[in-house]
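Me: I am new to this structure and would like a guided look. Please start with the whole, then go in close on one part.
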Amino acid sequence: MNQTYALTAVTVVVLVTVLVGALGLRISRTTSDFYVASRTVGPRLNAAAISGEYLSAASFLGIAGLVLLQGPAMLWYPVGYTAGYLVLLVLVAAPLRRSGAYTLPDFAEDRLQSRAVRRIAVLFVLGVGWLYLLPQLQGAGLTLEILTGAPHWVGGLVVACVVTAAVAAGGMRSITFVQAFQYWLKLTALLVPAFFLLAAWAGDGAPRATLDAPAAFRTHTVVTVAEDVRMSLEAPLTLTVTGTVDGRAYEDRVVTLATGRHAVRAATRLEFLPGSSVPQTRPAAGMGVSSWSQPLSGDQDGYRLYATYGLILATFLGTMGLPHVAVRFYTSPNGRAARRTTLVVLGLVGSFYLLPPVYGALGRIYAPELSLTGDADAAVLVLPERMLGGTLGDLLGALLAGGAFAAFLSTASGLTMAVAGVLHQDVLPSRARKVSTFRIAALVAMAVPLAGSLAATDVPVADAVGLAFAVSASSFCPLLVLGIWWRGLTPPGAVAGLLTGGGAALSAVLATRTGLAPAGWVHTLLAWPAVWSVPLGFLTMVTVSLATRSRIPPGTATTLARLHLPEDVAAHTPPGARR
């Protein structure tokens with residue numbers, strides 16, 4: 001890819017983001033403007049903004065890479081991310097808006113009349129928000145490093161500065177316009193090149209049905225393996241090897257590998273003949289992303305079908321508790337608008353997810369070596385140059401680079417806004433809670449994950465994202481569902497459920513990341529905890545609440561009426577109504 005074009009595209013995206021954010025600055029004056037855009041964001045604009053912040057680079061680049069690696073076996077991956085909004089639509093969207101809160105801790109305290117519940121909710125908002133911000137900054141650094149050769153820390157610093165400026169300048173007003181713009185930019189960045197790439201594919205006589213067949217090298221291809229990998233072959237394969245395979249060293253030697261698994265050391269050079277099948281690979285240590293879709297087995301790779309269900313459940317139920325998603329529904333004028341917003345989001349997100357698999361399928365034809373080099377996520381960025389070349393390929397590649405960087409900016413903007421709101425309300429002293437000090441909260445909200453991204457550059461991005469969803473699903477999902485739909489929830493039950501469910505999910509994944517979990521089933525259960533930690537959170541909240549029925553807040557009936565009745569009806573509910 002032409003680095004000048006790519007850097008220009010990223011620069012343009014950054015400048016437009018700053019300019020659009022400046023528009024919000026001109027119309028943001030009150031606290032309500034900064035927190036919830038004065039609750040005046042219409043369904044279409046709000047849906048575009050939600051889609052913009054939700055579709056991170058994991059969606060923009062990662063799904064195409066997964067399809068390149070595994071074909072249609074990985075098409076399940078976006079299901080949980082999209083279907084999570086269906087749960088929001090049915091159970092949460094309208095009541096959350098009618099609560100009148102600014103943040104999730106506001107909702108928790110209003111529903112349960114408890115400062116203790118609010119404090120626990122604050123901790124989980126900060127934890128989930130910072131966990132999710134960390135991979136955005138690390139991913140931005142990696143992307144800018146690939147595109148321009150800049151040091152790894154530059155991309156994260158650029159995103160941190162731009163996002164902090166936009167959030168501090170105009171709060172929710174600013175980032176609403178910024179994120180809506182970035183959604184349409186990301187959609188355009190994938191849609192326009194796709195037309196040219198499909199036209200090139202249709203005109204060059206390439207295979208027409210390779211998505212469900214093993215990928216093959218169309219030309220003589222030389223690959224240098226980036227890390228130690230295990231290579232799986234479904235048929236004998238003849239290739240030229242310079243390096244170490246199965247413990248044996250070779251120097252420019254033709255080798256025929258038998259069917260089965262083979263260990264390949266990092267820096268090994270492999271030369272494949274035209275027509276050779278692309279072997280499936282996974283890291284030599286641990287369970288790679290490419291193994292999630294495989295059936296249960298008792299080998300050292302773990303129980304992969306369970307891991308698949310664990311991730312789907314985490315994304316399906318964790319979406320509603322993500323602080324940057326929940327806060328968006330407070331910006332709707334009323335509950336009906338919140339539901340309409342969610343419906344539009346389902347359409348926008350679903351439409352977007354139709355495009356990455358196209359790039360993954362084309363990558364299996366034109367860039368299959370990326371599955372061996374560890375750069376499968378780069379398929380979207382390299383295809384224009386590989387298939388089209390020339391100025392057109394450079395321009396389309398630059399458009400895709402700009403879209404990828406917009407993905408980091410939009411997601412980071414929403415997370416920073418949500419975390420800054422909680423810091424401003426619950427951490428800063430009450431006498432300092434002015435619009436001016438909101439900007440200080442925005443700086444702190446970004447400074448913590450930025451420092452983490454600079455200090456821990458080797459934290460796997462996918463692990464951090466999965467952890468954030470698992471913790472959210474195990475803590476805020478039970479709190480929101482039971483708080484909205486069950487009058488028997490008590491403050492002790494909410495506190496116990498948050499700490500037990502969310503704490504168990506956090507502890508389990510940290511145990512696997514630090515190497516404390518034993519191998520086998522125990523490791524898999526702890527690495528993908530949502531299957532058991534979400535029911536644990538619900539069960540704990542219900543059990544403790546039933547044991548503390550006397551602690552049900554006295555105004556529960558009035559609160560639930562306000563959550564479930566249309567605004568014009570709830571306004572006439574007698575203030576003295578009690579359970």
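This is a predicted model: local features need pLDDT of at least 70, side-chain atom pairs count only at pLDDT 80 or more; totals for chains, interfaces and linings use all residues.

Reply: The protein exposes about 22,000 Å². Carbon and sulfur atoms supply 65% of that area.

Now the overall build. The protein has 579 residues, and 57% of them are buried. It holds 22 helices and seven strands. Take the contacts with a separation of 6 or more: 81% of them join residues 24 or more positions apart.

Next, the inside. The largest nonpolar core has 139 residues. F60, V159, Y359, F405 and L479 have the most contacts within it. Helix α8 gives the most to this core, with 18 residues. Another core lies apart from it, with 19 residues, including V241 and F272. Back in the largest core, look at Y359. Neighbours within four places aside, its contacts include A189, L190, P193, A194 and L197. It also touches A64, V380, L383 and L400.

Helix α8 runs over residues 152-203. It shows up on the surface too. L191, V192, F195, F196 and L392 form a nonpolar patch there, with about 430 Å² of accessible area together. Four residues of the patch come from α8, the largest share. F196 lies in this helix.

Now the close look. Helix α15 covers residues 390-427, and V422 lies in it. V422 is buried because its relative accessible area is 1%, under the 20% limit. Leaving aside neighbours within four places in sequence, V422 is in contact with T103, P105, V122, V125, L126 and V427. Pick V122 from that list. V422 and V122 are 300 residues apart in sequence. In space, their C-alpha atoms are 6.7 Å apart.

A charged pair follows. Side chains of opposite charge can pair when their charged atoms come close. D426 forms a salt bridge with R118, and the closest N and O atoms are 2.3 Å apart. This pair also links distant parts of the chain: D426 is in helix α15, R118 is in helix α7 (residues 115-148), and 308 residues separate them. The two partners differ in cover. R118 has 5% relative accessibility, so it counts as buried. D426 has 21%, so it counts as partly exposed.

There is another bridge to note. The side chains of E109 and R115 meet in a salt bridge, at 3.3 Å from N to O. R115 is partly exposed because its relative accessibility is 46%.

Between α6 (104-112) and α7 sits a loop, and Q113 is found there. Phi of Q113 is near 55°, a positive value in a residue other than glycine. Q113 is exposed because its relative accessible area is 55%, over the 50% limit.

How many salt bridges does a search of the whole structure find? Seven. One of them joins the side chains of E271 and R269, at 2.6 Å from N to O. E271 is buried because its relative accessibility is 14%. R269 is partly exposed because its value is 33%. Salt bridges that share partners join D106, E109, R115, R118 and D426 into one network.

D252 lies in strand β4 (residues 248-257). D252 is exposed because its relative accessible area is 52%.

To recap the part you asked about: V422 is buried in cover and lies in α15. D426, in the same helix α15, pairs with R118 of α7.

How values were computed:
Residues are numbered from 1 along each chain as its sequence is written. Side-chain values use heavy atoms; hydrogens and water are left out. Helices (H or I, at least four residues) and strands (E, at least two) are DSSP runs, numbered from the N terminus. Buried means under 20% relative accessible area, exposed over 50%, partly exposed in between (1.4 Å probe, protein chains only). Contact means heavy atoms within 4.5 Å. Patches are made of residues with over 30% relative accessible area and no salt bridge: like charges are joined within 9 Å, nonpolar side chains (Val, Leu, Ile, Met, Phe, Trp, Tyr) within 5 Å. Accessible areas come from the Shrake-Rupley method with a 1.4 Å probe; for residues, only the protein chains shown count as cover. A salt bridge is a side-chain nitrogen of Lys or Arg within 4 Å of a carboxyl oxygen of Asp or Glu. A nonpolar core is a set of buried Ala, Val, Leu, Ile, Met, Phe, Trp, Tyr and Cys residues joined through side-chain atoms within 4.5 Å.
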